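Hello,

Here is the structure I promised to pass on to you. Please open it beside this email, and then read on for what turned up in it.

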Amino acid sequence: GKLMEIAEDKVIERMFEKHSSGTSGGGRGVDAEEFEAMIFRLLCFMLASGEVQISPTSASVNAEAEERDKHWREEFLKRNR
């Protein structure tokens with residue numbers, strides 16, 4: 001399968017600025033939380049559809065980060081039922 005490169009932070013920041021509610025385009029846009037939720041859903045879909053794969057070398061081995069992500073996912077699911 002194809003491997004995707006992880007976008008640099010500045011690329012993600014430019015995407016957020018383009019679609020955020022602070023844009024001059026007059027549209028409502030999204031706030032930071034909505035943007036994060038959209039990216040999370042996109043990545044989940046891409047993983048489930050097989051478009052991306054997580055290699056063992058890129059998987060997090062940091063238990064603290066994994067615990068934080070677990071709590072974030074649980075909170076996300078509670079808010080978006």
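**An aromatic cluster**

Phe40, Trp72 and Phe76 are joined into a cluster by ring pairs. Rings of Phe, Tyr and Trp (for Trp, its six-membered ring) count as a pair if their centres lie within 6.5 Å; planes under 30 degrees apart are called stacked, over 60 edge-to-face, and the rest tilted.

Before the details, a word on where the values come from. This is a predicted model, in which local features need pLDDT of at least 70 and side-chain atom pairs count only at pLDDT 80 or more, while totals for chains, interfaces and linings use all residues. Residues are numbered from 1 along each chain as its sequence is written, and side-chain values use heavy atoms, with hydrogens and water left out.

The protein has three helices and zero strands, so its elements run α-α-α from the N terminus on. Helices (H or I, at least four residues) and strands (E, at least two) are DSSP runs, numbered from the N terminus.

Now back to the rings. A search of the whole structure finds three aromatic pairs. Why is the pair of Phe40 and Trp72 edge-to-face? Because the ring centres of Phe40 and Trp72 are 4.8 Å apart and their planes stand at 70°. This pair links distant parts of the chain: Phe40 sits in helix α2 (residues 32-48) and Trp72 in helix α3 (residues 63-79), 32 residues apart. Trp72 also pairs with Phe76, and that pair is stacked, with 5.4 Å from centre to centre and 10° between the planes. Trp72 and Phe76 are four residues apart in helix α3, so about one helical turn separates them.

Are these two residues buried or exposed? Trp72 has 30% relative accessibility and counts as partly exposed, whereas Phe76 is buried at 6%. Here buried means under 20% relative accessible area, exposed over 50%, and partly exposed in between (1.4 Å probe, protein chains only).

**His19 and the whole protein**

His19 lies in helix α1 (residues 9-19) and is partly exposed, with a relative accessible area of 39%. Leaving aside neighbours within four places in sequence, His19 is in contact (heavy atoms within 4.5 Å) with Gly29 and Val30. The C-alpha atoms of His19 and Phe35 are 8.3 Å apart, and these residues are separated by 16 residues along the chain.

Of the 81 residues in the protein, 10% are buried. Among contacts with a separation of 6 or more, 35% involve residues 24 or more positions apart.

Enjoy exploring!
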